[in-house]
Every structure is written in structure tokens, then in C-alpha cells.
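Please have the structure open while reading.

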Amino acid sequence: MALTLGIQGREDETVREDLRSKLVELSRLGDIAELDNGRWISVPGVLVHVPGKEPDLLISGIPLCRLAPHTRRAVECQGAARFVRDAAADDAPNLPRVRLEDWSRRPLGKLKDWTRAMLSTPVLPTGTIVKAGMELYVPSQARPNAYQAERWAAPGRVPDGTYLARRTLAKHWRSYSLAGVESENITGVWEIDPLLARRLMYGIDQLDHNPTVAQWDEIDQGVALSLFNPLPAPEARALLALARPHSADQPGSWQIDVHRSAVRQLLDDLAITLTSGRRK
């Protein structure tokens, strides 16, 4: 089934942008996929198993009318995502079953071990490299609980070793790499996928004993979560399915109604320190 975004007229531009943002959100989940010429197509999708006793996620563009009646009644909405309670998920029509970790494409293993493995990547010496415009990620030199954006510093007096580095090009585009440092000089670099950089930042925070902080407030009907740093892409995708944005004006603010333990585990795995306070 294909959807066409065909609203016309300047007075409908706001509506058009709102509809498109919702379609993009659904495509990030995997319910639909974008074609050309403003068309979108529904995707059969998967049934995502959430650890523990929390309901599974129905990531699919399949219309509810195609589900068995008792399965249809068990489907509930949470933000852009849908989930299925109890054993009714077993009757979802021929959908592959996958784990939350696999669906969100999170790397296997503990963050600390993954980070150490990344930092142990051989960075072959290539002679002293010009350090202009290059920054190193050094949480050990930042104040406790500082934003990750404040943990970058120009190469200077840092111990020899391998660091996450970034360089800003063309005023806005950034490249990320592993940089070898010897005697305060950068002697080699190894470019890495930008999508890995954010996860590596959280791992280095943990190794340097300076974790980031998020606000976890218990409320009567759920949890209000406030994030002060972006999440890696896999965790951001999982959070979009497990929670719902609290406000468009507060991009880091989330409401968690159902999948509390799954979100909590997701944040714990990134070694994020949660501050909490009960509110009415």
C-alpha cells in the first residue's frame, strides 16, 4: 500500500511539514519506507521482543484489520509505535520475531569491552600530523557530569595513547577518527564511521570515570525522562519505539508509560547516571 503526500497551497505548508515529520518518524521505526516523488509504502515489518514482562513491539505497516480479532484488540499505541500485550503477539501474521538488540542494531557485548577493543585498533604512525582544527575527546579533563559537547579539547598535554578525534570541515561537516598521540603530537589517525563516534564517547566517559547524567522522574502514570546528550543511533531508534516525545519544544524530553525497565536497561548499558525525584 503506497501513501502519497499531495497537499497543495502555501496555506497548507505547515500541515505538509507536520505530516512529513510524522512519516519520517514512522520510517525510522520501520513501519513505512520512502519511495520517490513524495510516495511512501507500508512495510510488513517485524515483531520485536522486549526483555522481561513488558509487551512486544509491533513494528509494521500492516493494517490492524488484517490481524485476528483478539490480536487486534490487544494492540495499543504508544507515540509512533504500537505494541502487543500477552500471548496475542503469537498470532501476528507471519512476522519475523527479533530481539530488541538486533532490531535496533546495537553492538553485542558490554560498552566498556567494546570501547577498549575500538581504542586498541592499531593506528599506524604516519609522521607528525598538523593539529590545526583537530580536537580530542578527553572526559578526564572535563568537569564532572559535563555535557559531551564540552568534553572536546585541542591537542595539548595529554598522556600518550589512542583518542577519539574530530575535525570540522567546510564549517559544518565533521569527520571522526582514532588518533595516536605520542609526546603531545598526533602521529597517526584512523578514520571511523561517524555513527560509531557517539557510542565511543559514552564508552570513553565510562573508562574515564566521568559518566553523563540524565533525569529520571517517577510520576503517577509513568516516567518523565530528560536527556542532556544525544544517544547513539541504535539507542535513539529503540527509545523512539519504547517511549514517546513529551514535547516538540523539548527534544530531549520523553514520557515512558509502558516499557520502563527496557528503557532503564538501555540507559544503564550506556553507563548514564540517572538522577531521580518523585513528582505528583
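## The largest pocket

This is a predicted model. Four elements each supply at least two residues of the lining of the largest pocket: H1, H6, strand E16 (244-247) and strand E17 (250-256). H1 gives the most, with six residues.

The volume of the largest pocket is about 650 Å³. Its lining has 22 residues, and the closest to the centre are Arg28, Leu240, Pro245, Pro251 and Trp254. By class, the lining divides into ten nonpolar, six polar and six charged residues.

## The H1–H6 contact

Helix H1 covers residues 13-29 and helix H6 covers residues 233-242. Their axes lie 9 Å apart, at an angle of about 110 degrees. Angles of 65 to 115 degrees count as roughly perpendicular, so H1 is roughly perpendicular to H6. The crossing is left-handed.

Which residues make the contact? H1 contributes Glu25, Arg28 and Leu29, while H6 contributes Arg237, Leu240 and Ala241. These residues divide into three nonpolar, no polar and three charged. Arg28 and Leu240 belong to this contact, and both are also among the residues closest to the centre of the largest pocket.

## The second largest pocket

The second largest pocket holds about 390 Å³ of space. It is lined by 23 residues, with Glu101, Arg106, Gly109, Gln265 and Asp269 the closest to its centre.

Helices supply much to look at here. Helix H3 (100-104), helix H4 (111-119), helix H5 (194-207) and helix H7 (260-269) each give at least two lining residues. Which helix gives the most? H7 does, with six residues. The lining of the second largest pocket has ten nonpolar, five polar and eight charged residues.

Rolling a probe the size of a water molecule over the atoms shows where empty space is left. How many cavities of 30 Å³ or more does the model have? The count comes to one.

The largest cavity has a volume of about 30 Å³. Tyr202, Thr212, Val213, Ala214, Leu227, Phe228, Asn229 and Ile272 line this cavity. Six of the lining residues are nonpolar and two are polar. None is charged. The lining of the second largest pocket, by contrast, includes eight charged residues.

Methods
Residues numbered from 1 in each chain as written. Predicted model: local features only at pLDDT ≥ 70, side-chain atom pairs only at ≥ 80, totals over all residues. Heavy atoms only, no water. Axes fitted to C-alpha atoms, helices over the stretch in contact; angles between N-to-C directions. Parallel < 35°, antiparallel > 145°, perpendicular 65-115°, else oblique. Left-handed = near helix turned anticlockwise from the far one by under 90°. Contact = heavy atoms within 4.5 Å. Nonpolar A, V, L, I, M, F, W, Y, C, P; charged D, E, K, R; others polar. 1 Å grid on protein atoms, 1.4 Å probe; cavity = no way out; pocket = protein on both sides within 12 Å on 5 of 7 lines; lining within 4 Å. Points joined across faces, edges and corners; volume = space filled by probe spheres on them.
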